[in-house]
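Hi everyone, thanks for making time this morning. Let me put the structure up, and then we can walk through a few spots together.

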Amino acid sequence: MKKRLIIGMLGLTVMFFSSCKKFLETTPYDKITGEQTWNSENLTTAYIYQVYADVLGTDAWMSGYAHPYSARSEGTTKNVMVGTLNGAFWTKERAELMLKSDNYGWLNYSLLWRINSAIANIETSTTFSSEFKNRSLGELYFLRAAHYFVYAKLYGGLQLIDKVLTLDDDLQIPRSSAKETYDFMLADLQKAAAALPATAEKGRATAKAANAMIMRIGLQAAAYVDGGAANSGYYDKVIQSGEALGLSNGGTQLSPYYNMFRSYETAVTATEFILTRERNKTNTSLYDVPMQYQGLWSTGKFSAYAKANFPINVTMNFWGMDGGSWPTQDLVDDYLVSDVDGQLKSWNNASYVTTGKNVDEKMYFSNTKKRDQRFYATILYDSCMYFNNQVRVFFRRDGNVSNANSKINEGSVQEYGYQSGNTENYNSSTGYAMVKYFYDNIVSLPSPSDQKLDYVFSVLRYGEAYLNMAEAYLMKGDFANAKKYMLPTMVRHGGFSESSVNQYLNTLSGNNWGNSLFEAYKRERNVEMVYENNDRYWSLLRWGMRTSGGLRDGAYVGSGFVIPELQGALRGIRISRDGKSYSFFEDNNVVGEARFSAKRYLMPINETFRLKSGVKQNPGWE
């Protein structure tokens with residue numbers, strides 16, 4: 001660990017100098033010293049900007065903030081099938097194939113050294129103004145808590161490092177308890193909320209960002225530390241921070257859902273975002289965002305029917321389907337429908353299922369947009385226009401973007417004598433593709449690296465804050481307030497009328513698995529937050545841990561609730577060639593169906609690292 005600290009210091013020098021060059025061109029970057037840094041507001045700000053980039057850009061597959069993985073890690077749930085039937089890619093976590101030899105990351109000691117070093121130098125500075133010191137310290141407290149939360153979700157208790165360590169310190173630091181770890185993060189955020197300004201330049205934390213992060217972390221703490229008890233003080237902290245954000249005014253802070261995720265020009269001006277991370281087109285291509293290169297009609301055999309009815313007239317490359325993360329029917333089923341009588345219903349209970357003439361009218365209602373508006377901003381479905389309206393894509397049997405290896409094209413060998421359809425790995429295996437976080441103006445180019453673009457990642461936004469407030473009240477048993485804070489996203493993002501939402505919510509009650517209000521809340525949170533920060537996975541674990549009773553002395557209180565949404569096969573849709581009929585199928589890629597056991601509430605710490613560092617392994621992974 002002493003070696004790690006030294007390497008971290010050397011890494012700091014390289015990263016710090018590279019960021020300083022952008023801010024101060026008058027001094028050779030290899031001549032800047034630490035003394036100069038802590039006597040210059042410009043250099044200190046540059047230093048903190050690099051910390052932002054490293055914390056928010058953390059590439060943890062299961063729990064990052066604003067990295068392509070944070071959108072693509074949905075494959076740890078049954079919301080999507082990751083990859084294809086030919087390849088597993090990153091789905092081992094879904095299929096319960098994790099081992100203690102796996103490495104899901106741990107605290108970044110170098111990064112913590114940089115944060116703690118900055119805090120110590122800024123606190124003792126006699127050069128900086130009190131305003132600059134307060135803001136800088138507030139940002140660093142915010143970032144330290146944000147970094148810890150990435151790994152607290154994975155492991156529970158962590159090593160708490162709140163000072164600059166030297167080679168004379170005992171670096172065999174034991175893990176603190178989950179409670180101590182969550183309290184450490186929340187204390188940092190409370191200091192940040194008191195020190196940060198109300199408004200800031202894009203990409204920098206504010207008091208609102210600190211309060212929004214308190215809400216996110218507080219819910220997880222309530223479940224893991226207190227077992228989700230109604231009297232948990234963590235729920236009170238969530239509600240207090242929600243009140244500080246001004247969430248009681250009916251959702252006026254919410255922006256149109258489509259605008260936040262489907263266009264840079266509207267995303268960059270969306271007032272709903274509390275904190276974002278932006279990428280600039282000077283160094284960003286499709287490889288750096290969730291819009292990944294895909295294949296389209298590049299290999300395979302196509303029937304005469306397909307060639308005549310589903311042609312492709314653009315270049316043979318495209319992207320926007322998220323590295324092969326295909327939405328499942330499980331996710332699509334969560335989008336409600338406004339029926340002819342004005343009532344909100346699940347789509348299979350709506351009258352359109354029996355009155356529609358084709359699959360589009362029965363399920364997607366694309367002409368009348370009767371489904372939750374977030375569906376159309378998130379899911380690419382059969383017969384949609386794509387690529388800035390260059391081409392119409394068909395996920396149906398013999399369609400131009402349906403995977404030949406999927407049950408979508410089952411029976412083609414018997415009919416044609418060969419496996420019909422696209423055998424390229426990157427075509428839909430479920431009948432859907434993801435378009436949330438995909439910008440509509442993107443066109444097909446020969447190489448994805450040629451497509452440069454500006455891009456906005458959401459880190460914190462008001463939509464989540466409203467639902468966090470709803471969840472705190474729900475878990476406390478205050479169902480009236482829970483419904484009050486569920487309503488804004490359903491109205492302003494879902495596009496439903498306030499009266500229909502109230503009518504839908506009025507008859508619901510209960511906050512346990514299977515209770516109608518809790519099930520409605522799970523559904524609403526899923527369609528609101530899908531593809532953001534792997535929210536679905538961590539929410540399911542949070543609710544399951546509440547049922548399990550939390551942690552005590554590093555072990556589970558109960559035997560562990562098995563989460564039903566993390567069990568079983570994945571579901572897709574098979575639409576007929578003529579688009580008039582459909583059926584559902586169950587399938588999985590090569591890693592198999594979703595499985596869940598209680599030991600997953602805390603992930604395994606890499607055994608090689610654990611033995612060197614002396615930290616205790618999590619229960620179930622010994």
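Let's start at E96, which is buried, with a relative accessible area of 19%; buried means under 20% relative accessible area, exposed over 50%, and partly exposed in between, with a 1.4 Å probe and protein chains only. Before going on, a word on the source: this is a predicted model, where local features need pLDDT of at least 70 and side-chain atom pairs count only at pLDDT 80 or more, while totals for chains, interfaces and linings use all residues. Residues are numbered from 1 along each chain as its sequence is written, and side-chain values use heavy atoms, with hydrogens and water left out.

Back to E96, then. You'll find E96 in the loop between β1 (80-82) and α5 (109-124). Helices (H or I, at least four residues) and strands (E, at least two) are DSSP runs, numbered from the N terminus. The phi of E96 is near 60°, a positive value in a residue other than glycine.

Which residue's side chain makes a polar contact of 2.6 Å with the side chain of E96? That is R600. By polar contact I mean a pair of N or O atoms within 3.5 Å; within protein, one must be able to donate a hydrogen and the other to accept it, and residues adjacent in sequence count only if both atoms are side-chain atoms.

R600 sits in the loop between β18 (582-587) and α23 (607-613), and R600 is buried at 1% relative accessibility. A polar atom of the R600 side chain also lies 3.1 Å from the backbone oxygen of E93. Beyond four places in sequence, the contacts of R600 (heavy atoms within 4.5 Å) include M98, Y537 and L541.

Next, please look at Y104, in the loop between β1 and α5. Y104 is buried too, at 12% relative accessible area. Its C-alpha atom is 7.4 Å from that of I605, although Y104 and I605 are 501 residues apart along the chain. Leaving out residues up to four places away, Y104 touches several others, among them E93, M98, M603 and P604.

One more stop: S383, in the loop between β9 (379-380) and β10 (384-386). S383 has a positive phi of about 75° and is not a glycine; at 19% relative accessibility, S383 counts as buried.

Finally, the overall view. The protein chain has 23 helices and 18 strands, and 62% of its 622 residues are buried.
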